[in-house]
Amino acid sequence: MGQELEQVRQSDDRSAIGPIRMGEQSHASSWKGFWFQQGTGNHTQNENRGREKGRGDPCRSGRPKCYSLHLGILPFIVLVSVFFGYLFVNLRSQNLGHPGAVTRKTYPQPSVLKPTRKDVLVLTPWLAPIIWEGTFNIDILNEQFQLRNATIGLTVFAIKKYVVFLKLFLETAEQHFMVGHKVIYYVFTDRPADVPQVFLGAGRQLVVLTVHSYTRWQDVSMHRMEMISHFSERRFLHEVDYLVCADVDMKFNDHVGVEILSALFGTLHPGFYSSSREAFTYERRPQSQAYIPWDKGDFYYMGAFFGGSVLEVHHLTKACHEAMVEDQANGIEAVWHDESYLNKYLLYHKPTKVLSPEYMWDQQLLGWPSIMKKLRYVAVPKNHQAIRNQ
């Protein structure tokens with residue numbers, strides 16, 4: 001892989017520290033010397049007359065009572081300063097998801113005998129939850145992830161003309177993706193100059209990673225696994241706790257938060273969530289490393305939205321890339337490219353969470369069925385042929 005270049009844009013707070021005035025030190029020294037002289041008993045005639053004139057004023061007479069008064073006020077000033085300083089830091093840490101800043105909220109007690117959803121499957125046979133609206137309490141989850149002080153990375157590829165989707169993607173992510181948590185957007189692109197300027201909230205930043213393009217969109221799609229694997233090992237492991245891998249020609253339409261995070265998650269394909277495994281468009285050729293037999297398969301997962309811990313995402317993307325390389329050496333290209341290898345991997349390395357089609361939907365093609373209480377991450381209408389190969 002060629003030399004990668006990067007740019008970092010982040011929202012931060014800048015504070016200015018005023019200059020130290022050189023005269024302050026000498027002034028303090030002279031003040032100290034004044035009190036020292038008061039105790040020596042050596043006074044001039046003018047000083048004695050001044051003391052007689054101000055005999056009723058303990059501060060002017062030089063008596064220790066005034067000094068004690070100053071010493072008594074000083075701890076109070078320090079205490080007040082510390083208190084307000086703590087309030088400022090505490091409020092700021094809440095905005096940045098500081099682990100010590102957790103707002104406890106009351107919530108209804110869950111009932112074992114009253115499931116929140118009866119119309120959909122909410123648990124896989126291997127006991128991984130399937131995330132639908134009504135199956136989680138986001139306030140509880142936010143508390144838990146704030147205690148972990150987690151940082152979430154979001155990778156997106158804006159190659160060739162796909163960069164035109166980036167502005168909407170980032171703007172809607174700022175509105176709906178991991179709100180209240182620390183986020184790093186990793187934008188892979190061959191056109192860094194075309195990356196738009198988007199206002200980012202506190203604790204969120206954008207990193208532009210310049211990469212090579214490829215002639216065919218299929219090659220761009222398949223090399224995504226290689227790039228994510230490479231950067232997971234070299235960079236992401238040191239910067240974020242979780243990694244979410246998403247397509248750029250989409251927009252966030254509703255809340256997408258920490259409820260999706262787990263060691264490894266996949267998203268149900270909106271076209272196959274109600275289909276039998278025989279209808280899944282797995283790679284069916286036994287010669288391919290992506291091959292899945294007709295009598296195997298749990299779900300069909302979408303390649304446009306997956307993720308997990310950085311380590312697990314690294315394992316997944318590395319395995320998929322290595323399988324692609326082996327197939328290419330044998331002149332084989334899987335039917336749905338990186339998505340075919342993703343499905344093979346998740347069949348034998350079960351995800352610890354499965355996201356419902358709420359997290360991957362095309363309203364233009366599929367409408368809005370009543371089973372979908374929310375449409376969270378949705379396709380943007382486009383002309384595929386006009387975008388893919390230019």
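1. Let's start with strand β3, residues 151-158, which is mostly covered: eight of its eight residues are buried. Here "buried" means under 20% relative accessible area, "exposed" means over 50%, and "partly exposed" lies in between (1.4 Å probe, protein chains only). Strands (E, at least two residues) and helices (H or I, at least four) are DSSP runs, numbered from the N terminus.

2. Before going on, please keep in mind that this is a predicted model, where local features need pLDDT of at least 70, side-chain atom pairs count only at pLDDT 80 or more, and totals for chains, interfaces and linings use all residues. Residues are numbered from 1 along each chain as its sequence is written, and side-chain values use heavy atoms, with hydrogens and water left out.

3. Now look at the two sides of β3. In a regular strand the side chains alternate between the two faces of the sheet. On one side of β3 sit T151, G153, T155 and F157, on the other I152, L154, V156 and A158, and all of them are buried.

4. Which strands pair with β3 in the parallel sense? One is β4 (residues 182-189), with eight bridges to β3, and another is β6 (residues 242-246), with five bridges. Two strands count as paired if DSSP finds at least two bridges between them. To find these pairings in the structure, follow I152 to its bridge partner V183 in β4, and G153 to its bridge partner L243 in β6.

5. Within α6 you will find L166, which is buried at 0% relative accessibility. L166 and K251 are 85 residues apart in sequence, while their C-alpha atoms are 9.3 Å apart in space.

6. Is L127 buried or exposed? With a relative accessible area of 64%, L127 is exposed.

7. Finally, a word on cysteines. How many disulfides does the structure hold? There are zero, where a disulfide is a pair of cysteine sulfur atoms within 2.5 Å. C245 counts as buried at 0% relative accessibility, and C320 counts as buried at 2%.
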